[in-house]
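This report is meant for a reader who is meeting the structure for the first time. It turns to a charged pair and then to a sheet with a helix beside it.

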Amino acid sequence: IDYSLENVLKINFKTINFFLHYKKEQVKEYIRNNLKKFHSNFYYEKKPLGTIGGLSQLKMNDDTDIFILINADVVCSIDFERLIDFHKSNKSDFTIVTSQKEIQLKYGLLKNLNLNIDSIYEKPSLSFNINTGIYLFNPNLLKLIKKNQVMDAVSFIKLLKQNKKKIISYPIYENWFDLGTPEDLKQFKNFQKNL
């Protein structure tokens, strides 16, 4: 929690919403004891509803300008003020924070034309734009989310495209870590030691 919120807490947001399922009471108690200067709302999911599904519990307030949604296992040194400016200046409905990653294949890569080999590359590095698990969106999109329905980010983005919403990418070059596995957490801790 500390890693995930370290950079978020630098922004002057009125409210931080937490969507909890696993160890919900333990997480809530920790947040209440350690983030006293922030107003926090807690929403419980009886079953995991995915990245987007839990948002159906939110109410649209007239003073809500924008939502930032961050997966709980993500740590990033992103400048959120710049991200917000980018979202607003591009008149985006939904902004996906992306990062370029390279993957070194441990196999030779073939390009086939039917049964014929067109080309071969020995253990190439492939570059991809990946979804970082950080999103900005306008509050009017909440009405598209059905109550207590499981929905992941990919399904929601497809729904937004069907509804002709403007979806853009915000590429980052800052450090970004997904702490979804013990191995990921170990890599992150090694990175911190080397700072």
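In this predicted model, the structure holds 1 salt bridge. The partners are Lys88 and Asp65, whose closest N and O atoms lie 2.4 Å apart. This pair links distant parts of the chain, since Lys88 belongs to helix H4 (residues 80–89) while Asp65 sits in the loop between helix H3 (50–53) and strand S3 (67–70), 23 residues apart. In general, side chains of opposite charge can pair when their charged atoms come close. The table gives the relative accessibility of the two partners.

| Residue | Relative accessibility | Class |
|---|---|---|
| Lys88 | 41% | partly exposed |
| Asp65 | 48% | partly exposed |

The sheet comes next. Here 4 strands form an open sheet in the order S3-S8-S5-S9, and the pairing is mixed. S3 and strand S9 (167–172) stand at the edges, and because each has a single partner strand, one side of each is left without a neighbour in the sheet. From one strand to the next, the twist averages 40°.

Within this sheet, strand S5 (residues 94–104) and strand S8 (residues 125–137) run antiparallel and are joined by 10 bridges. As a detail of the sheet, Thr95 stands opposite Leu136 in S8. Strands of a sheet pair through backbone hydrogen bonds, either parallel or antiparallel.

Helix H5 (residues 153–162) lies across S5, S8 and S9, and its direction is at about 130° to S5.

Methods:
Residues numbered from 1 in each chain as written. Predicted model: local features only at pLDDT ≥ 70, side-chain atom pairs only at ≥ 80, totals over all residues. Heavy atoms only, no water. Salt bridge = Lys/Arg side-chain N within 4 Å of Asp/Glu carboxyl O. Helix = DSSP H or I, 4+ residues; strand = E, 2+ residues; numbered from the N terminus. Buried < 20%, exposed > 50% of the residue type's maximum accessible area, 1.4 Å probe, protein only. Pairing = 2+ DSSP bridges. Axes fitted to C-alpha atoms, helices over the stretch in contact; angles between N-to-C directions. Contact = heavy atoms within 4.5 Å.
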